[in-house]
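Please consider the sequence and the three-dimensional structure shown below. The paragraphs that follow lead through the fold, beginning with the terms on which the description of its strands rests.

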Amino acid sequence: MMKTIIGIDVGGSTTKICGFRGDKLLEPLLVKATDPVASVYGGFGKFTAQNGISLADIDRVMITGVGSAYISEDIYGITTQHVSEFVSTGRGGLYLTGIGEAIIVSMGTGTALVHAKGKNIEYLGGTGIGGGTLIGLSKKILGVQSVDIISQLAENGDLNRVDLRIGDITDRELSPTLLMETTAANFGKVSDIATQGDLAMGILNLVFETIAMMSIFAARSHGLKDIILTGNLTAIKQSSVNFESTGKLFGFNFRTPEHSQYATVIGAALTYFD
């Protein structure tokens with residue numbers, strides 16, 4: 001029987017698991033838990049049960065993520081190999097899009113950027129702006145910390161009551177990339193009548209625009225136009241719209257592939273084949 005490779009990505013609040021049976025990707029799984037060890041073993045059991053995988057079918061477990069340090073022994077006696085999170089993100093991003101070179105953006109609690117070209121992966125740095133920023137600001141400003149509710153509120157939001165735009169400070173466009181609707185200052189024009197939806201939209205825009213511009217700077221420095229978005233924030237409805245708009249403005253191609261949330265764990269599993 002064809003052996004299965006299991007990938008596990010242990011994050012701060014979620015653990016993701018995927019598998020390859022030969023070259024076929026099995027549907028990834030996400031579990032939420034505050035205890036990394038419990039989430040690994042619980043998620044592992046659920047994933048193998050759902051896919052009819054016995055322990056004897058598994059050749060290797062490839063594990064990555066900040067919480068993987070808590071796993072120091074082989075899982076259920078199966079050889080368990082630790083993999084660089086940045087390498088995993090790069091490999092996963094290229095695999096999901098089928099392109100050979102790009103900037104890969106991993107949007108989790110914070111944001112990391114890597115340059116991936118084939119199997120050569122370079123960590124470029126990152127920013128503390130990410131999902132943690134989104135939830136923290138929303139909790140204090142809106143009294144809400146559910147990402148789904150924040151996204152729902154933002155659907156009826158109006159950035160004109162939150163952000164300062166170029167059109168607010170000049171009567172003409174300053175350059176081809178500084179259009180009248182371009183943001184001059186996030187939260188630079190918060191109106192007294194700004195609604196919860198306006199503020200939610202403003203918070204999302206702050207996070208997405210910051211990540212988009214950092215990604216563009218990284219792509220520009222490497223002479224690239226393709227930027228691949230991965231991580232949990234890609235699941236937010238407003239993500240693709242915001243990034244596509246910013247990318248179009250500056251001439252860059254933001255891609256959100258299928259299974260974008262699982263790029264890192266997929267990449268971890270793929271490193272087995274190196």
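Two strands are said to pair if DSSP finds at least two bridges between them. Helices (H or I, at least four residues) and strands (E, at least two) are DSSP runs, numbered from the N terminus. By this convention, 7 bridges join strand β1 (residues 4–10) to β2, and the two run antiparallel.

The model is a predicted one, in which local features need pLDDT of at least 70 and side-chain atom pairs count only at pLDDT 80 or more, whereas totals for chains, interfaces and linings use all residues. Residues are numbered from 1 along each chain as its sequence is written, and side-chain values use heavy atoms, with hydrogens and water left out.

The protein chain contains 8 helices and 12 strands. Its C-alpha atoms fill a box of roughly 70 × 40 × 25 Å, taken along the principal axes. The radius of gyration is taken over C-alpha atoms, and the globule rule is 2.2 Å times the number of residues to the power 0.38. For 274 residues, a compact globule would have a radius of gyration near 19 Å, and the 20 Å of the protein chain agrees with this.

Burial and contacts complete the overall picture. A residue is buried under 20% relative accessible area, exposed over 50%, and partly exposed in between (1.4 Å probe, protein chains only). Of the 274 residues of the protein chain, 47% count as buried. Accessible areas come from the Shrake-Rupley method with a 1.4 Å probe, and for residues only the protein chains shown count as cover. The protein chain exposes about 12,600 Å², of which carbon and sulfur atoms supply 52%. Contact means heavy atoms within 4.5 Å. Among the contacts in the protein chain with a separation of 6 or more, 62% are between residues 24 or more positions apart.

The description now turns to an open sheet of 5 strands, which has the order β3-β2-β1-β4-β5 and mixed pairing. Its edge strands are β3 (24–32) and β5 (80–82), each of which pairs on one side only. Neighbouring strands of this sheet are turned by 20° against each other on average, direction ignored; the axes are lines fitted to C-alpha atoms, for helices over the stretch in contact, and angles run from 0 to 180 degrees between N-to-C directions.

Within this sheet, β1 and β2 form a hairpin with 3 residues between them, and the bridge partner of Ile6 in β2 is Gly19. Strand β2 (residues 14–21) is mostly covered, with 7 of its 8 residues buried. On to β3, the pairing of β2 is antiparallel over 7 bridges, and Arg21 stands opposite Lys24 in β3. These two strands form a hairpin with 2 residues between them, and Gly22 in the turn has a positive phi of about 70°. Strand β4 (residues 58–64) is joined to β5 by 3 bridges, and these strands run parallel. Here Met62 stands opposite Gln81 in β5.

A hairpin joins β6 to β7 through 3 residues, and the bridge partner of Val105 in β7 is Leu113. Strand β7 (residues 111–117) is mostly covered, as 6 of its 7 residues are buried. It also pairs with strand β8 (residues 120–127), in the antiparallel sense over 7 bridges, and the bridge partner of Ala112 in β8 is Gly126. The hairpin of β7 and β8 has 2 residues between the strands, and Gly118 takes a positive phi near 60° there.

Two individual residues conclude the account. Thr183 lies in strand β10 (residues 183–185) and is buried, with a relative accessible area of 18%. Its side chain makes a polar contact with the side chain of Glu209 at 2.9 Å. A polar contact is a pair of N or O atoms within 3.5 Å; within protein, one must be able to donate a hydrogen and the other to accept it, and residues adjacent in sequence count only if both atoms are side-chain atoms. Not counting residues up to four places away in sequence, Thr183 touches Asp163, Leu164, Arg165, Asn205 and Glu209.

Gly188 is found in the loop between β10 and α6 (196–221). With a relative accessible area of 42%, Gly188 is partly exposed. Residues up to four places away in sequence aside, Gly188 touches Val162, Asp163 and Leu164. Gly188 and Ser215 are 27 residues apart in sequence and 23 Å apart in space, C-alpha to C-alpha.
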